[in-house]
Amino acid sequence: MGEFRLVMISAMYENGGNVVHRHLDGHPQLFVYPFESQLGTHWVTDALASMFPAKYRWPVFPLEGTPEEDFRSIVDEETRVRARTPYVSKFRSVPFEFDDEERGRLYARYVRENGRSRAENVRAFFRATFDAWRNFRRTDEQSVYVGYSPAVVVDTPAILADFPDAHVVHVVRNPWSAYADTKKRPVPLSLDRYMATWCLVQQHATAFERMYPGRVHLLRYEDVVREPEVVLGSLCRKMGLRPDESLRRPSWNGEPLEEVFPWGTIRKATPETNEATARELSLQERERITAWAAPWLGKFGYEDFLGDAER
């Protein structure tokens, strides 16, 4: 397998993964996936299968099968809904010239040329996506692919084993603002279910940061929204990329965005809205979240966040 440079972004729901994804979008060295890159398949049946939707996991493919069957097994819901039934997509207002059938044909051709394995399947999927995206804004520098799949940090060992040059970027946000935003979903997780998952994701992220130094990077959402160009510029240097002024603002296909929504529920990614969001919770909700997150508050520097948000 030839060189394939991949950056996978991870974040618990409403923790800023979409924000980082959209801030990287305009970087001239990056192929940034248009929506969440939901690479998972329904063949994922490990111990974490009951905690996370299959679409957010690193894919598993059966030993038998064809490239066409593999392509159809990759969930990639957001891109496929936008491409195949745009009138029901939350992204229907953005111009997206893309034929999923064409992508499937390209994918099958690339896999037959290079062989069938999980790594080759993922590489073919990214390559075919950008080759089939007709109005993708290209530069002559793009060489690194960027995907975003919530909670994919739990599959870090598989990602890094498949791609020796890959990096995993995990974003963490204070749990009070994060839960207050997840409550805005039509059918949100309960507080206890959300926090159990939030803690499990941070456990995996901090463990893998220690196991894979230099390849797993943890970012705080609060730092990103305060100084995006500085924080993401530093991240780029660590991954062998140059900082770029485009990092200072969110965009889609290079076009600046006024707000990150509908890429996630965070509309205005600013320190002020982040603190105001935490104050939307009742005292009882804040205390229960604090109880769940207590082991992680010091690790991520959130001990005084509620006090600061109240001032």
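C236 is buried, with a relative accessible area of 1%. Buried means under 20% relative accessible area, exposed over 50%, and partly exposed in between (1.4 Å probe, protein chains only). C199 also counts as buried, at 14% relative accessibility. The structure holds zero disulfides. A disulfide here is a pair of cysteine sulfur atoms within 2.5 Å.

This is a predicted model, so local features need pLDDT of at least 70 and side-chain atom pairs pLDDT 80 or more, while totals for chains, interfaces and linings use all residues. Residues are numbered from 1 along each chain as its sequence is written, and side-chain values use heavy atoms, leaving out hydrogens and water.

Now the rings. A search of the whole structure finds 34 aromatic pairs. Rings of Phe, Tyr and Trp (its six-membered ring) pair if their centres lie within 6.5 Å; planes under 30 degrees apart count as stacked, over 60 as edge-to-face and the rest as tilted. Two of the pairs are listed here.

| Pair | Type | Centre to centre | Angle between planes |
|---|---|---|---|
| Y13 and Y56 | tilted | 5.9 Å | 45° |
| Y302 and F305 | edge-to-face | 6.3 Å | 80° |

Y13 lies in the loop between β1 (5-11) and α1 (17-24), and Y56 in the loop between β2 (30-32) and α2 (67-73), so their pair ties together parts 43 residues apart in sequence. Helices (H or I, at least four residues) and strands (E, at least two) are DSSP runs, numbered from the N terminus. Y13 is buried at 13% relative accessibility, and Y56 at 11%. Y302 and F305 are buried too.
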